[in-house]
Amino acid sequence: MALNILNKLEKDLLKFPGIGQRLARKLAIYLLTRDKEENIKFIEDLKEIDIKVFRCEECFALVESGKLCDFCRNPNREKRILVVHNVEDYLLLSENKIFDGYYHILNGLISPIRGITPDMLSIEKLIDRIEKRKIIEIIFALPGTNDGLITTLYIKNQLKERFTELIFSKIAEGIPYGSGLSEISMQTILTSLKNRENIQ
Ligand SMILES: [Zn+2]
């Protein structure tokens, strides 16, 4: 007979991205049967998220101390912003140190099908930052999907009206339609960033 706790764990695990019913059950059973010390360590890590981890007030990166991340604290970086849609892509690019400007995490992509509207993304904050930091270029590094293309176009049009001098470009070369950044080699991303094309 299934335990109550097994059902609860399965429900929790199903909320994780990419986890279906079968994997949820497998992981729940793993948690219930593994060394309890491991679970205690895991609980401590989860508690730490609650106490120590915040989002940078400017770019929405994860930070463990203070209100701003290291990039946003530094006023001497290039006056360019690389726009990504999630923390995963931000980490991929920032950990490889391929860019000397600032980053901005949108926290999603506009998606008419999934009901995600522009006001659900961090576009207003992006506008604030362009003004405050006197940004000269916005580089879009969004996935080559319909949602990615719609989002790029929408934000570009919004910003173009307000900032007539702003340059827009996107990482495009070598990134096939339908791909996300994590599926592409870092060398390709680097080349693509160097050879980025301006968009009108
Ligand atoms: Zn930041």
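**Entry 1: Glu137.** I looked up Glu137 and found it buried, with a relative accessible area of 4%. Buried means under 20% relative accessible area, exposed means over 50%, and partly exposed lies in between (1.4 Å probe, protein chains only).

I noted the ground rules. This is a predicted model, where local features need pLDDT of at least 70, side-chain atom pairs count only at pLDDT 80 or more, and totals for chains, interfaces and linings use all residues. Residues are numbered from 1 along each chain as its sequence is written, and side-chain values use heavy atoms, with hydrogens and water left out.

**Entry 2: a partner for Glu137.** Glu137 forms a salt bridge with Arg80, and their closest N and O atoms are 2.6 Å apart. The term means a side-chain nitrogen of Lys or Arg within 4 Å of a carboxyl oxygen of Asp or Glu. Glu137 sits in strand 5 (residues 137-140) and Arg80 in strand 3 (residues 80-84), 57 residues apart. Helices (H or I, at least four residues) and strands (E, at least two) are DSSP runs, numbered from the N terminus.

**Entry 3: Glu58.** I then checked Arg129, which forms a salt bridge with Glu58 at 3.1 Å between the closest N and O atoms. Arg129 lies in helix 6 (residues 123-133) and Glu58 in the loop between strand 1 (54-55) and strand 2 (62-63), so the pair ties together parts 71 residues apart in sequence. Both residues, Arg129 and Glu58, are buried.

Arg133 also meets Glu58 in a salt bridge (3.3 Å, N to O). Arg133 is in helix 6, 75 residues from Glu58. Arg133 is buried too.

**Entry 4: the count.** I get 12 salt bridges by this rule.
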